[in-house]
Amino acid sequence: MEPSSPLLRSSSSSSSSYEAHGGSRELETILSDTATPWARRAWAATGAELRLLLRVALPAVAVYVINYLMSMSTQIFCGQLGNLELAAASLGNTGIQVFSYGLMLGMGSAVETLCGQAYGARKYGMLGVYLQRSTVLLAATGVPLAIMYVYSRPILLLLGESEHIAAAAAVFVYGLIPQIFAYAANFPIQKFLQAQSIVAPSAYISAGTLLLHLVLSWLAVYKLGLGLLGASLVLSLSWWIIVIAQFAYIIATPRCKHTWTGFTMQAFTGLCGFAKLSAASAVMLCLETWYLQILVLLAGLLDNPELSLDALSICMTLNGWVLMISIGFNAAASVRVGNELGAGNPRVAAFSVVVSTGMSFLLALIAAAIIMCLRHRISYLFTGGEAVANLVSDLCPLLAVTLILNGIQPVLSGVAVGCGWQVFVAYVNVGCYYIVGMPLGIFLGFYLGLGAKGVWSGMVIGGTLLQTLILLWVTFRTDWLQEVEKAQERIAMWEDKKRSLQQI
């Protein structure tokens, strides 16, 4: 990537060489029409791009919000059993499960890059191979993760968590072991469908599963008395229902007849090269998701850890809920940018970045305002303690700032995935989050005695804000013509590998 030219750099390529899907050719024509005043072109292009963007973004937001609601509802069910159960579910969900979620979602982002660009270039047969190859890699990765889950209690004790919270959290984590392998299948399937702008079926499947999940959780926790273990087992079952239903849709629908042609042994070949991109994708995303995990773990080391952990976990849950909106736009931005780069439309790719970032930022501002208005009451959705409510209210201004930053940063990460910049963003994340943000948070929280607010403040200012500014600058300076050339080279490389394997 050479961040050396303005964001909306013009292209001299003939429009006849562009074979975009849907309304992309309309967008390319609008952006190329220099005879029309700039303001009219911008208005028309924004309307056309919003139609393409929202077709992916709105169902994607629904998918991520609903899936997050499943985890949050499980946490709420556990929280109604008591503060210890809430702390255990929060630690297990946010402290342990997020580790696997980030790793699996990150590795699945390799499929997002390759499938998005291949679909834009109309290389449909490559998508099914990418899906299967990624599932094989993620399933293999799930084995050591399952072992880590089994030893979650000593791991939490080693990290300094209290004995009673670690023991309860471990019980919750045991029930999440099947969820690991559901992730291994779900994320490649999800990215495979998203690359084709097929997102609405996943939203319907997730909505139906959420209703079933609520009923089963109520039965397991309150009627059968299975407690923490029952709640987490139901969560795992719900994820497997989503996986099976989505795969059944892929097989049954004519919309995937060109991209899914059946199982192939090619899924077990060429894994080393595919693993490199998957590893880069995993590192990029894991460094972000683990950052929130570390924040929660640090809260468990503060004075009065149960209170700090409860309050911070509630804020992280609310942050995660709103973050699902930005992640939906992250998915849409990745699809739009990847498709347009594969199709050879640099102007449209650049314009998609502007529109998707602007929409996500506007929604984040609205969410932050709502959180501030409800700051004194919002904690009672999770638990009834007045001490927790006061601390949550005190943390809400920080939560609002985090929400606003998260209205920009995840979308820019989606752009990075669409372009294949995972390695570069991984370096940015290391510097921002772990060299600057975490030490600053530890200094403010522990050495200056600011507690949870200090830990969070340092990590937000030093990590999220710095990373957002860097990604904004790099995206603004990107040469989109060069990114089109790189996408074409990447597609040609993987297609040549596929042909070689077919000849063997």
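A residue counts as exposed when its relative accessible area is over 50%, and as buried when that area is under 20%, with partly exposed in between. Keep those limits in mind as we walk through this structure, which is a predicted model.

Let's start with the aromatic rings. A pair of aromatic rings is described by the distance of the centres and the angle of the planes. Here the count of aromatic pairs comes to 12. One of them joins Phe247 and Phe263, whose ring centres are 5.8 Å apart with 45° between the planes, a tilted arrangement. This pair links distant parts of the chain, since its two members are 16 residues apart. Phe247 sits in helix α9, which covers residues 227-252, while Phe263 belongs to the loop between α9 and α10 (271-299).

How accessible is Phe263, buried or exposed? Its relative accessibility is 68%, and because the limit for exposed is over 50%, Phe263 counts as exposed.

Now turn to helix α7, which spans residues 177-195 and contains Phe187. With a relative accessible area of 1%, Phe187 is buried. What does Phe187 touch, once residues up to four places away in sequence are left out? Its contacts are Tyr101, Met104 and Leu105. Another residue to look for is Val111: its C-alpha atom is 8.8 Å from that of Phe187, although the two are 76 residues apart along the chain. Phe187 has a place in the aromatic picture too, as ring pairs link it with Tyr183 and Trp239 into a cluster.

Our last stop is Ser197, in the loop between α7 and α8 (200-223). Most residues other than glycine have a negative phi. Ser197 is not a glycine, yet its phi is positive, at about 60°. How does Ser197 count, as buried or exposed? Its relative accessibility is 15%, and because buried means under 20%, Ser197 counts as buried.

Conventions. Residues are numbered from 1 along each chain as its sequence is written. This is a predicted model: local features need pLDDT of at least 70, side-chain atom pairs count only at pLDDT 80 or more; totals for chains, interfaces and linings use all residues. Side-chain values use heavy atoms; hydrogens and water are left out. Helices (H or I, at least four residues) and strands (E, at least two) are DSSP runs, numbered from the N terminus. Buried means under 20% relative accessible area, exposed over 50%, partly exposed in between (1.4 Å probe, protein chains only). Contact means heavy atoms within 4.5 Å. Rings of Phe, Tyr and Trp (its six-membered ring) pair if their centres lie within 6.5 Å; planes under 30 degrees apart count as stacked, over 60 as edge-to-face and the rest as tilted.
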